[in-house]
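User: I should like to learn how to read the features of a protein model. Could we begin with the pairing of strands?

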Amino acid sequence: MSIIADIPVSLIVLCSGLGLILIGLWGMLTQRNMIRMIVGFSLTDTGIHMVMVSIGYVTGGTAPIINDAVPMAEAASRIVDPVPSALVLTAIVIGLGVTAVMLSFAVRIYKARKTLMIDECTESKW
Amino acid sequence: MIKRLFIFMMLLLLALIFFKLASNYTENTQLSKLGQYYAEKGPQELGAPNLVTAVVVTYRGLDTLGEVTVLFISAAGVGLLLRRTRRKQDDEDLEQGDRAEETAGVHKPASEIVETATELLLPMVILFGIYVFLNGHLSPGGGFQGGAIIASGTMFLLLALPESHISRLLIATIESLSGFSYVVVGVLGVILAGGFLDNRIMDLGTYGSLFSAGAIPLIYVFVGLKVGFELSAVLDRFRKEDTGPL
Amino acid sequence: MTDIDWLSKAAYFSLTLLIVTFYGLLVTAFIYRLIAKVQGRIGIPYRQPFINILKNIFKRTAISHGVMFYLGPVFRLAGGIGTLAFIPVIYGSEMFSNFSMAGDLFLVIYFMFFGQLGMALGAGESGHPYSAIGIARGLSQMTAYEVPFVLAVIAIVIQYDTLSLTEIVAAQQGGWQNWTLFTNWLAVLAAMLAFLGMTGYSPFDIFLAPQEIPIGPPTEFHSAYLSMLQTNRALFGATKLILFMNLFFGGATGWIELMIKTLLIYLVAIIVGVAFPRFRVEQAIRFFFKIPTLIGIMAIVYAQMVFVS
Amino acid sequence: MVSTLINDVLLQPLGIYVIALGAGFLVPLFNRAHRGSAILVFLAALAAMVAISGINLIAIMNGAAPVDIETAGIAPPFSINLRFGLYEGGFVLAVNTAAILAALHLLPLLKQHASALLLYLILVMGINGMIMTRDLFNLFIFIEITSIATYALIGIERTGSVLAAGFKYIIATSIASSFFLLGTIFIYYQAGTLNIDDIIAHRHLVQGPVGFIACLFVLTSLLIELKPYPANGWGLDVYETAPSGIASLISVGVSAGVFFAVYKILPLMADYMNSIALIGGITFLVSNVIGLKQINVKRLLGYSSIGQMGLLTLALALLLQLDASSLLPLIVGGLFINHLLAKAGLFWLAGIINRSDIHDWSAIAQRPGLLFLLGTLIAALIGLPPFPGFWAKWQLVMLLADGGEYAWISLLLVGSLLEAAYLFRWFSHARAADENHANISVNFWQTTPVFIAALLLFGTGYGMSTVMHFNATYMFLPIVAGFVLLLIDGVHGRLKDLPMLVIVAAGGYWLTRDLEGINRLFSYLLIGGGLLVSIAAMYRNDARKGFYPLLAILLLSLATLLHSKTSLEFFFSWELMTLSSYLLVTLGREGVKPGLRYLLFSLGSAYFIFTGFAVHYAATGSIEIASLGASGDTMGLVFSLLAIGFVIKMGGFGVHVWLPDAYAESNDDFTAILSAVISKAGVFGLIIVAANLGVRSDIGLDPAYVLGWIGILTATFGALMAVFQEDIKRLVAYSSMGQLGYIVTGIALMSHLGWVSALYMTVNHFLFKGILFLSIAGIILRTNERLMYKMGGLIKNMPVTFVFTMIAIIAMSGVPPLTGFGGKWMLFNALMDKGWHWIAALAFFSSAVAFLYMFRLLQTVFLGQRKLEHRELREAPIILLVPQFVMIVAIMIISAYPKLLLDPLSVAIDPWLANTLVWNGAALQTHYGYWNAPMIMMVVGGVWMVPLILLLLMSLTFRIQKVEQFNIVYAAERPNRPEDTHFAYNFFAHYDRALGFLVRPRATAFWNTVVEWSHTLGSTLRVFYNGNGQTYALFILIYFVAMFLLNGGLGQ
């Protein structure tokens, strides 16, 4: 218990995020089905978001909202970094956009050739 | 198989890189330079208690405008990709079988429970979405979150009533106008205040009240509307790709 | 030099020309007789070549294949005369130095082509395929025997440090031991082997093919044309002998010396010609590119080692 | 308020975003209201973006401060800022210009879908953002905006293959941008800021393993977006399948944005500079090797695009490493603008023609306009003058030489040569008329963007020349003259010759009027001679489209060559000459393939010259030709490089394989120019080099001695090969090669006599080769035959041509008394003087061999049996005979009075080598011998008259009768047809049996092997592109890992 407790919480999130990235990449590289590859991408993306969030964590910090709970004077020492939170918000939306476009490609590819296998789409090469 | 092994090796090496990252990571004990500045100056400068919102809407407003743009173009892209194939113009890759499939409605109607729940919850979901983006500068939340909630309402609707009609015209008009208005507000920042996307074109108002923090709520309204309708449009596209104009 | 007395020069040269032509025809007869003796025949009388020429001049068949055909023998004879004109015939004699002040050894070597080229063109216009075949073979062989010859020439140019024929002869004066034959025998050997090809006797006579009439460039020429060619054959042959004599055998200070030396040089070709059967052209070419060329190369190496300080 | 709006927003760089986004958001609404209005808004927005970037860039160029756009009214680093400085402005303007042109090209496709319009607008805005933003995360957003818009536009046509390619593209780029994001957040973790300037200012904070990995991720992901080898299969697939307008925008626009992003973050990446250069270099070289195998046009352009981006990256890294960032605008900017315009133009052209296989491009063979565009764009891409790439490559190579980076120079030039090989092969296929392919119809408006791109290339090329302080006004004269003549290209063929002659004469006179010495001599020869031979061009009565403009360019570029004071001017003229002569060669009957070979060898030669100049520059810091001699220790190297270059151009032994075919297949009158005039440019170059370098005592003699051997081997083998030719033009072509060999040897002697002989032979070669090739032109015109054994007996029909040919041949052979003898005599003397005895022997041998082919030419063409179908042939046209006659007169005069020529030659050489010519009256004396030309003429004339008069006298007694054709010793019976009686085919069969083994085409076999090996290498290198998206993705991963390992990541 104590060993786990000693590990900073953000490091756990960070490592989970990095692990998620690897899992996602594994999926993208080995799964021949395009939908599964997209799932892999989503995993990677999520992993990155976790890493981003973990980076913004300040030991013992709280949400960066300056109101009664966190008075203005103490703000600088009590809140977590708002920047990564802002960034992750943007990153999520971008990931969403990419995923949407990927999915529509997958849909169209299936329409066009009745398969979702990536290794059956190799007519352009060399 | 060899290829798999190779992939595995590569990922192992990548894991090594990640390990180096993680093992050299130490948790921050104080805010970064940027964070420090935002924490100390943010509330006075912009009048928004939620610092994330201040960062998102003003300090990094250009990011947010870009983000809205990303969403806009992915919606447009999805629309472009999943547009209806014109019947007359023979698409080579489209085989006969598909056409039959397309024309026949393939969606099963939802169960009565879902339908009822939707009718009950939908207005509340949308209302909640609006609340979230209107209070973005005060509490956790904001335009994107609110928009996403609205879109989840749409999702509800589509699940419950697969055949329900969503007005493309309405969506298009709202997303175009709200996007354009966002740009206009940004430009007003140059003319009336310090720079592009400066939220201080309007009075900062009372700190912590709903109508405060300058143009932030206004921008969040546009963002919320835009995100909500765009996500709805994307969902609608995927629901049944070959319908509607365009 | 510019103020030469053209008239007397021309007169002296005409004299040289007459002597050399006469001598050339005599040698021709002598050679035919010699060959006949070797083959157990009686052979022709000494007057025969003169009679042949006179007879042909006055023959009346007169046809022409065209202007170039007509000019062929003219070129041929002019080539022979011109070559002689650029060679100093008798050492020490202003009278018989001809027009050698116009150019050096290099001029002589290149001018030797003049007659061949004109002849080739004349024969070509006749339209007779054998003419063309003969010329093609002759030219090919020429490129081959030129190689040892030129190597020898370069060797002696290195040796004497001059291209002037008069000076080359001058350098060989003062006794037989000063002849190139004895000072640079490798060069002489290479040149003499080349000489075999140059004279067109067996084994290098396929381009003329004297036995199998009618083959070779003169196939279509007869009557006066033929007489000019015959004259030139004697004249040009003698001229080449004089050139070789000047280059390798000490030149001549008088006509008697000249005749003896040239005859002896000629005999080399004849003896080889009597003794050996005929080469095909490609065999001849290969021959010249082997031993004679090697000897020529050695001659230059020798000259470079001995004569270049 | 409105004026504030206009002045502070719309006219500022910020206006680009405002307008793009505003228009983008509103396009769907406009579209619903009225489709046309949406298109109008779309185009207006693009035009406004061009205008804004243009206005602001001009302001900055006129000295205004760079514009820093701060958002949110708060100073950076706490808010995002954008910068519009000189570099940004240049890139933005270029990209926007390309974008609006691409939009015009794509409009038929785009206007079908309103979303396509808005995606396009936002794509362009995204690229602008990538260039201008100064915030790392904001950069990520713009990359993503650009990417997503690109994805969507790739899929606009929705065929199976383009969708598949698009999916691979998405997977690859999304992996890359994921890593970018990861790197960004860790940089923020360490630096505490996202502003790039701020990060750079605090770069000491970005350290340790975390900083190392973060930088690595950011850098590598950007590099991957630039499609480095081998992690670029996904890019190629898209280039191949996407609509050409989209592909063009990816190639020139998106890549430009990413490239600029790399530039921005480079200050952080000092540790990685070597890796960046290496990646750029390898990508450039390898893509061009693989390109050799490619026959799909768009994929070909893809390889070229990737290669060009590699080149840009390489240049950027090297420039920064060499601390030469002041040259960035010139080199990187020049290369970029060149790639942008040329590549985009080519993609559009590919889209218009719509033939994917390069073999099908013969469809445009009959369309001069399209060919002109294709040629212009390809020439620009290769970096030929006057286009921007030329200037940039020049500057880059000079800089690299200065930094001692010779390995990079070789790589650069080899890569460029390979690129030229496949791009011009494509052009060759387009040039090759083929009846099987129907003509295509092309919409005029569609070609407008391509045309504008070509014009802009000319314009920017001119602009860059002024930036480089290049005396542009007169150096551009050839091109201007070409354009002027192009305007009247529609006129009847013969009418165009006269204006061409007038323009070239006037221009040539103007350019060369102040020259002195050797240059003056060569100006008579090249310009005067060129004009003389060009008169003969009138003998043809067809339209000859393109012939006269190109000829004017060619001849005037010779004039500028002579006028050149600096190596830059020299190289400019040289390349212009190469290009125009190549195009002229391709105008010949079967000239396309030989033309390509000619071009490649010429370019190879040019690159040797280029490198030579670069080494000289590195040693002296000067590009003055006159300072060539000051190269110090590198003098031998400079001399060797330049000499190799010129020898290749002259068809030296071993590198002659281009020569026979190029000469044989050109237009017959152009062959005369090629052989008589153009080959002299090589002589000129060689003599200039020899004069400035070769004669100096401190250069080792060895390079000159080697050159002497090369020359004589060329002479020997040229002659030997000529002997065995059946084709009359090939025979004379090989003869040209051989004759030039003597000249090379003469120059290599580095002695006064040697040079006089070389120059004398040069003049002589001009005269007799001019006559010979013009005679041949007449013969071919009449007989329509090039194989000599199909001719024969033509003396009857063309006596004048025969006489001219004969005189030319005698002048060539060296038989006294005509001009050839003097050259041979002087050469031999000079060789003996120098002690080069073996070379002298070979010179003798080769001149003997030359007799074989010379006789063959006369015999088999003019003599022998005439063919029945040739009985009615007429003499060659008078216009062909006139220039020949002039040259005959010149030969005769020089033969009799060589002093007239030798004196000026000697004077021209005097500045470098002391005069050793001793005149004794009319006789020239040397150490060895003497040569009295007038006297020889007299004697020969005299002895020739003797037998002639004799024969004439005798013939008074003849009744000369002309005999019938077959009235020979066959006793007047026709043995068979003339074909069988004419001994001509395989004339020297016996010689072949004896010496033929010497002339088996070993050189050709060697070069064929080189070609084969390059192709094999290409196939080997491209095995990674197996079409599988996952393999492509894997390579991206490998790239990251490899970058990590190569830069010592394990030790961090």
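Analyst: Two strands are said to pair if DSSP finds at least two bridges between them. Please keep in mind that this is a predicted model. In chain D, strand β4 (residues 923-925) is joined to β5(D) by three bridges, and the two run antiparallel. Within this pair, D:Gln925 stands opposite D:Tyr930 in β5(D).

User: In what order do the strands of this open sheet lie, and which are the edge strands?

Analyst: The open sheet has three strands in the order β3-β4-β5 (chain D), with antiparallel pairing. Its edge strands are β3 (918-920) and β5 (930-932) of chain D, each of which pairs on one side only. From one strand to the next, the twist averages 25 degrees.

User: How should I read a helix such as α34(D), and is it enclosed or open?

Analyst: An α-helix has 3.6 residues a turn, so residues three or four places apart point the same way. Helix α34 of chain D covers residues 837-862; at 1.5 Å a residue, its 26 residues should span 38 Å, and its end C-alpha atoms are 38 Å apart, which agrees. Because 25 of its 26 residues are buried, α34(D) is largely enclosed by the rest of the structure. After α34(D) comes D:Gly864, whose phi is positive, near 70 degrees.

User: What radius of gyration does chain D have, and what would a compact globule have?

Analyst: For 1052 residues, a compact globule would have a radius of gyration near 31 Å; chain D has 33 Å, which agrees. Buried residues make up 68% of the chain D residues. The secondary structure of chain D comes to 41 helices and six strands.

Notes. Residues are numbered from 1 along each chain as its sequence is written. Chains are lettered from A and ligands numbered from 1 in the order in which they are written. This is a predicted model: local features need pLDDT of at least 70, side-chain atom pairs count only at pLDDT 80 or more; totals for chains, interfaces and linings use all residues. Helices (H or I, at least four residues) and strands (E, at least two) are DSSP runs, numbered from the N terminus. The expected span of a helix is 1.5 Å times one less than its number of residues. A residue is buried if 20 or more other C-beta atoms lie within 10 Å of its own, exposed if 12 or fewer, and partly exposed in between; C-beta atoms are placed from the backbone. The radius of gyration is taken over C-alpha atoms; the globule rule is 2.2 Å times the number of residues to the power 0.38. Axes are lines fitted to C-alpha atoms, for helices over the stretch in contact, and angles run from 0 to 180 degrees between N-to-C directions.
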